[in-house]
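Trainee: I am new to this structure. Could we go through it by question and answer, one element at a time?

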Amino acid sequence: MTASSSLADLLHAAVTAVGGSERPGQVTMAEAIAEAIDDNAHLLVQAGTGTGKSLGYLVPALAHGERVVVATATLALQRQLVERDLPRTVDALHPLLRRRPQFAMLKGRSNYLCLHRLHEGVPQEEEEGLFDPFEAAAPSSKLGKDLLRLRDWSDETETGDRDDLTPGVSDRAWSQVSVTSRECLGASKCAYGAECFAEAARERAKLADVVVTNHALLAIDAIEGAPVLPSHEVLIVDEAHELVSRVTGVATGELTPGQVNRAVRRAAKLVDEKAADALQTAAESFERLMELALPGRLEEIPEDLGYALMALRDASRTVISAIGDTRDRSVQDEDAVRKQALAAVESIHGVAERIVEGSEYDVVWYERHDRFGASLRVAPLSVSGLLREKLFNERSVVLTSATLKIGGDFNGVGGSLGLAPEGIEGDDLPQWKGVDVGSPFDYPKQGILYVAKHLSQPGREGSRSDMLDELTELMEAAGGRTLGLFSSMRAAQAAAEELRGRLDLPILLQGEETLGELIRTFAADARTCLFGTLSLWQGVDVPGVNCQLVVMDRVPFPRPDDPLMSARQKAVEEAGGNGFMAVAATHAALLMAQGAGRLVRASGDRGVVAVLDPRLATARYGSFLRATMPDFWYTTDRNQARRSLAAIDAAAKAAEK
């Protein structure tokens with residue numbers, strides 16, 4: 001911080017530059033973060049919707065003067081930071097700081113166009129031959145059109161970042177022009193290394209004062225041991241309530257028959273017949289077992305699966321050694337073919353070995369998808385130890401979100417991050433404190449939390465006809481303007497189908513169009529309603545009169561047969577804790593807080609959050625869940641809810657006229 005410019009001056013300049021107004025919570029947040037950075041301390045900050053938390057952390061980060069990494073969960077926030085908030089803030093602070101901080105975005109390698117793939121073609125499986133996908137894909141096909149557009153775009157783009165391509169392309173098309181870090185030849189060995197988009201992004205990050213990345217890359221940086229992010233003194237994690245699930249995702253391994261067979265085909269040209277046959281035989285045994293696999297957790301690895309995995313592990317190890325020992329000049333673009341084959345086989349070996357070794361800290365289960373078939377998965381029982389060791393070491397860490405206090409305190413989220421309860425001291429325990437800076441919104445006056453106490457309790461199956469009747473009445477009273485948040489896609493589809501027949505209102509359903517397009521359509525028309533599942537609970541920002549009723553069909557507990565959640569719950573119980581409250585109720589509380597947060601997005605917003613599950617009012621855990629949600633005025637009176645919605649609808653229509 002410069003002596004001549006206080007934090008208050010800097011924040012005022014930044015807020016003015018983005019056309020906002022300072023809010024007490026934002027000032028408190030910025031001061032707390034500046035203090036944590038100065039003290040090399042750790043901080044959890046709950047900042048409600050409307051606080052302006054991006055500037056609340058960017059200003060002290062830019063004033064700090066040393067490199068800061070900002071990690072977010074969503075692409076939308078990354079873009080907002082790099083395209084809007086940071087440019088304006090840097091311009092505003094430049095005269096006061098007397099320097100111009102640099103900033104850059106950094107993502108995983110597969111997010112960037114690979115010029116080698118683009119120009120040399122993709123190493124393909126043997127039965128398809130080695131060919132240039134641009135020649136092979138019919139120009140009139142969707143894939144062909146996407147590939148031709150990618151080739152044209154490669155001459156125009158400065159970043160090669162997939163998210164800068166508008167409109168986007170399918171995952172299949174993108175996979176033809178991108179590589180994972182394991183498949184990359186390396187800049188020194190690649191003919192296009194000097195022009196590489198991913199390498200250029202890394203170089204920009206090394207020169208930047210603020211590096212914006214995502215939770216997944218942060219997790220890879222922590223887990224894999226090889227640093228991906230440049231060294232930094234301060235880490236700021238936004239949308240921190242998502243961090244544990246993103247880190248778990250990165251630490252999860254998967255084996256599928258299709259994946260194993262692709263590895264076999266890629267390696268076959270590069271090794272002797274004996275090694276290739278051994279891997280092929282192991283792959284066939286694994287595939288036969290997976291055809292019979294039933295979804296669910298494997299508390300012990302069945303003997304036949306154990307043998308199949310050991311065979312895969314051993315055959316993979318032999319192939320990995322053999323690929324390293326042989327050269328075959330007859331293979332076109334041999335280095336790329338070899339690198340892709342190695343990456344595929346190393347992945348098989350790593351997951352098979354991990355499951356065979358059978359750590360007590362891993363959970364193994366079968367999954368089955370209608371479209372993709374069966375998969376075998378392995379995930380850590382907990383990532384708290386990993387996060388404690390890797391995240392809070394040798395840097396100041398600030399974690400922020402609108403929902404970090406679960407049931408009234410920070411200790412639930414803190415525990416999932418590997419932190420001891422606030423205030424507990426110990427030699428190997430990171431010290432931290434939690435700060436709740438509130439929200440600028442007057443929740444009791446702007447919103448109502450209505451719990452339909454009279455409805456029947458939701459069971460695992462069944463039509464819940466009384467819930468659909470209630471939903472119909474509420475949507476009629478609201479005149480549309482409804483965001484329906486459902487605990488499963490099946491429930492969302494059933495409700496949309498039923499209510500399209502009952503109501504003269506446009507009802508959009510997640511999956512029928514891209515999420516961005518659905519949200520734009522919903523935001524543009526007051527009568528339109530939008531139904532969907534998990535991503536809508538957190539991903540919708542529609543201020544104003546077009547979202548005045550947010551409905552949750554039930555408390556979103558994890559499914560009882562969810563292998564990872566049930567294993568975590570059981571582990572808490574075996575350690576003497578309350579597994580239901582620590583895992584299932586905490587999961588539901590976070591989602592409900594996020595879902596309820598969709599209602600009030602601006603100071604003039606009014607509306608109702610309706611929970612069509614009586615357990616929120618009647619169950620012992622109901623008060624815990626409500627304590628995590630915004631402090632709306634609370635009622636179980638159905639007539640009050642309908643009257644309020646009708647009045648809000650009438651006021652909105654009068655204002656429109």
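**Helices, strands and contacts**

Mentor: We can start with a helix: Ala275, Ala276, Leu279, Ala282, Ala283, Phe286, Leu289 and Met290 are buried in α13. Keep in mind that this is a predicted model.

Trainee: Within what arc do the buried residues of α13 fall, seen down its axis?

Mentor: An α-helix has 3.6 residues a turn, so residues three or four places apart point the same way. The buried residues of α13 line one face of the helix, because down the axis they fall within an arc of 150°.

Trainee: Which exposed residues does the face of α13 turned away from its buried side carry?

Mentor: Exposed means over 50% relative accessible area. On the face of α13 turned away from the buried side, the exposed residues are Glu273, Lys274, Arg288 and Glu291.

Trainee: How far does α13 reach from its first C-alpha to its last?

Mentor: Helix α13 covers residues 273-291, which is 19 residues. At 1.5 Å a residue the expected reach is 27 Å, and the helix comes close to that. From the first C-alpha to the last, α13 reaches 27 Å.

Trainee: At the start of α13, which residue has a side-chain oxygen that reaches the backbone nitrogen of Lys274?

Mentor: The oxygen comes to within 3.1 Å of that nitrogen. A polar contact needs N or O atoms within 3.5 Å. The residue with this side-chain oxygen is Asp272.

Trainee: Turning to α20, which of its residues are buried?

Mentor: Helix α20 has 14 residues and reaches 20 Å from its first C-alpha to its last, close to the 20 Å expected. The buried residues of α20 are Ala492, Ala495, Ala496 and Leu499.

Trainee: What arc do those buried residues of α20 fall within?

Mentor: The buried residues line one face of α20, and the view down the axis shows why. They fall within an arc of 100°.

Trainee: How many residues lie between β8 and β9 in their hairpin?

Mentor: Strands β8 (residues 362-369) and β9 (residues 373-380) pair in the antiparallel sense over eight bridges. Within this pairing, Asp362 stands opposite Pro380 in β9. The number of residues between the two strands of the hairpin is three.

Trainee: Which residue in β8 is the bridge partner of Gly296?

Mentor: Strand β7 (residues 296-297) is joined to β8 by two bridges, and the two strands run antiparallel. In β8, the partner of Gly296 is Tyr366.

Trainee: How many residues of strand β17 are buried?

Mentor: In a regular strand the side chains alternate between the two faces of the sheet. In β17, Gly607, Val609 and Val611 point one way, while Val608 and Ala610 point the other way, and all are buried. Strand β17 is largely enclosed by the rest of the structure, because the buried count is five of the five residues.

Trainee: Which residue in β17 is the bridge partner of Val451?

Mentor: Strand β12 (residues 447-451) pairs with β17 in the parallel sense over five bridges. Strand β16 (residues 549-552) also runs parallel to β17, joined by four bridges, and there Val551 stands opposite Ala610. For Val451, the partner in β17 is Val611.

Trainee: Is the pair of Phe486 and Phe531 stacked, edge-to-face or tilted?

Mentor: The structure holds seven aromatic pairs. In the pair of Phe486 and Phe531, the ring centres are 5.1 Å apart and the planes stand at 50°. Planes under 30 degrees apart count as stacked and over 60 as edge-to-face, so the pair of Phe486 and Phe531 is tilted.

Trainee: How many residues apart are Phe486 and Phe531?

Mentor: Phe486 is in the loop between β13 and α20, and Phe531 is in strand β15. Both Phe486 and Phe531 are buried. The pair links distant parts of the chain, and the separation is 45 residues.

Trainee: Over the ring of which residue does the charged end of Arg626 sit?

Mentor: A charge counts as sitting over a ring within 6 Å of its centre, if it is also within 35 degrees of the ring normal. The charged end of Arg626 is 4.7 Å from the centre, and the ring belongs to Tyr634.

Trainee: With which side chain does the side chain of Ser401 make a polar contact?

Mentor: Ser401 is in strand β10. Buried means under 20% relative accessible area, and Ser401 is buried at 1%. The polar contact of its side chain, at 2.8 Å, is with the side chain of His241.

Note on methods:
Residues numbered from 1 in each chain as written. Predicted model: local features only at pLDDT ≥ 70, side-chain atom pairs only at ≥ 80, totals over all residues. Heavy atoms only, no water. Phe/Tyr/Trp six-rings, centres within 6.5 Å; stacked < 30°, edge-to-face > 60°. Buried < 20%, exposed > 50% of the residue type's maximum accessible area, 1.4 Å probe, protein only. Pairing = 2+ DSSP bridges. Expected span 1.5 Å × (residues − 1). Arc of directions from axis to C-beta. Polar contact = N/O pair within 3.5 Å; in protein donor to acceptor, adjacent residues only side chain to side chain.
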